[in-house]
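My notes follow in the order I made them.

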Amino acid sequence: GLGIFLLIKNSRPANDTPRGTSLEFSLDSVKTHNTPESCWIAFNGQVYDMTRHLISADEPTIAIYKEICGKNVDVIPEDIKTADKLSVCQIGILTL
């Protein structure tokens, strides 16, 4: 009856984060994503998954990211700053 409908209606997929919340990642977690095939970076207290940005990247860009994947960085490559790709790739916050 109605109870089953409400249960289904109110359930949400596991990957659906409620609005206004942020996933938290430790630096150890970020460090495990250290290849172009799974590239996370931490910058300014935020964690970014840059993997999809690298799918169509050229070799010089991939070479740059190989140096920063899996790290907490102070500087990010200009190509993602100017293209405003950071906001699209942001997946959470870095925990200390």
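I began with the largest nonpolar core, which has 15 residues; C39, I41, Y48, M50 and Y65 touch the most other members. I noted that β3, α4 and α6 (86-89) each supply at least two residues of this core. I also found a second, separate core of 6 residues, which includes F25, A42, V47 and L94. I keep in mind that this is a predicted model.

Next I looked up I41. Setting aside neighbours within four places in sequence, I listed its contacts, among them V30, Y48, M50, I68, C69 and I76.

Then I turned to the cysteines. How many disulfides are there? I counted 1 disulfide. C39 and C69 form it, with their sulfur atoms 2.1 Å apart. The pair links distant parts of the chain, 30 residues apart: C39 is in strand β3 (residues 38-43), and C69 is in the loop between α4 (59-68) and β5 (71-73). I read -95 degrees about the S-S bond, and the link is left-handed. Both C39 and C69 are buried.

I went on to α4. Which of its residues are buried? I found T61, I62, Y65 and I68. Seen down the helix axis, these buried residues of α4 fall within an arc of 120 degrees, so they line one face of the helix. The face of α4 turned away from the buried side carries exposed residues: E59, P60, K66 and E67. Just after α4, I noted that G70 takes a positive phi of about 80 degrees.

Last, I looked at the strands. β3 and β4 (residues 46-49) run antiparallel and are joined by 4 bridges. F43 stands opposite Q46 in β4. Their hairpin has 2 residues between the strands, and in it N44 takes a positive phi near 55 degrees. β4 also pairs with strand β6 (residues 90-95), in the antiparallel sense, over 3 bridges. For Y48, I recorded Q90 as the bridge partner in β6. I had already listed Y48 among the core residues that touch the most other members.

Methods
Residues numbered from 1 in each chain as written. Predicted model: local features only at pLDDT ≥ 70, side-chain atom pairs only at ≥ 80, totals over all residues. Heavy atoms only, no water. Disulfide = S-S within 2.5 Å. Buried < 20%, exposed > 50% of the residue type's maximum accessible area, 1.4 Å probe, protein only. Arc of directions from axis to C-beta. Core = buried A, V, L, I, M, F, W, Y, C linked by side-chain atoms within 4.5 Å. Contact = heavy atoms within 4.5 Å. Pairing = 2+ DSSP bridges.
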